[in-house]
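Two residues are then taken up individually.

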Amino acid sequence: MSHKIDKAKRLLEDISVMRQEIELNARALQYARASKASKRSVEEFSSKDTRLQRKLEKATKRYREYADENLKVSDLAKVYNKDSEDIEELYE
């Protein structure tokens, strides 16, 4: 596999990990509010959510720019492990 495809896969994996972190943080925030945790704890989870959202936006932007500049449609099929026809439909 080419270096470009591997890098795209790594960027997508980073995005996936960040989404999981956001989900876990949202659950923690929900439980903190439900358990009447201290205001400081709730604020920490809220600010962490904001930071994670910004980080996710930057990573998504970085991936899109990288994919636009370095990958072909046939490469995207390899990145997503899908048929190239399925990928072409997404971009129509």
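In this predicted model, helix 2 and helix 3 pack at an angle of about 135°, and their axes lie 9 Å apart. Angles over 145 degrees would count as roughly antiparallel, so helix 2 is classed as oblique to helix 3. From helix 2, the residues Tyr-63, Ala-67 and Asn-70 meet Asp-75, Leu-76, Val-79 and Tyr-80 of helix 3. By class, this contact of helix 2 with helix 3 has five nonpolar residues, one polar and one charged.

Helix 1 also packs against helix 3, at an angle of about 50° and with the axes 9 Å apart. That angle makes helix 1 oblique to helix 3. The crossing of these two helices is right-handed. On the helix 1 side the contact is made by Ile-5, Ala-8, Lys-9 and Leu-12, and on the helix 3 side by Asp-75, Lys-78, Val-79 and Tyr-80. Five of the residues in the contact of helix 1 with helix 3 are nonpolar, none is polar and three are charged.

The remaining pair to describe is helix 1 (residues 3–34) with helix 2 (residues 39–70). They pack at an angle of about 160°, with 9 Å between their axes. Helix 1 is therefore roughly antiparallel to helix 2. Helix 1 passes helix 2 in a left-handed crossing. The contact of helix 1 with helix 2 comprises 16 nonpolar, six polar and nine charged residues.

The packing values are set out below.

| Helix pair | Angle | Axis separation |
|---|---|---|
| Helix 1 and helix 2 | about 160° | 9 Å |
| Helix 2 and helix 3 | about 135° | 9 Å |
| Helix 1 and helix 3 | about 50° | 9 Å |

Asn-25 belongs to helix 1. Its relative accessible area is 4%, and because buried means under 20%, Asn-25 is counted as buried. Apart from neighbours within four places in sequence, Asn-25 is in contact with Phe-45, Lys-48, Asp-49 and Leu-52.

Leu-71 sits in the loop between helix 2 and helix 3 (73–80). With a relative accessibility of 12%, Leu-71 is buried as well. Not counting residues up to four places away in sequence, Leu-71 touches Lys-4, Ile-5, Ala-8, Tyr-66, Leu-76 and Val-79. Leu-71 and Ile-5 are 66 residues apart along the chain, and their C-alpha atoms are separated by 7.5 Å.

Within helix 3, the buried residues are Asp-75, Leu-76, Ala-77 and Val-79. An α-helix has 3.6 residues a turn, so residues three or four places apart point the same way. Helix 3 is followed by Asn-81, which has a positive phi near 55°.

For the chain as a whole, there are four helices and zero strands, in the order α-α-α-α along the sequence. Of the 92 residues in the chain, 25% are buried. Among contacts between residues at least 6 apart in sequence, 59% join residues at least 24 apart. The chain exposes about 7,100 Å², of which carbon and sulfur atoms supply 46%.

Terms used
Residues numbered from 1 in each chain as written. Predicted model: local features only at pLDDT ≥ 70, side-chain atom pairs only at ≥ 80, totals over all residues. Heavy atoms only, no water. Buried < 20%, exposed > 50% of the residue type's maximum accessible area, 1.4 Å probe, protein only. Contact = heavy atoms within 4.5 Å. Axes fitted to C-alpha atoms, helices over the stretch in contact; angles between N-to-C directions. Parallel < 35°, antiparallel > 145°, perpendicular 65-115°, else oblique. Left-handed = near helix turned anticlockwise from the far one by under 90°. Nonpolar A, V, L, I, M, F, W, Y, C, P; charged D, E, K, R; others polar. Areas by Shrake-Rupley, 256 points an atom, 1.4 Å probe, with all protein chains shown as cover.
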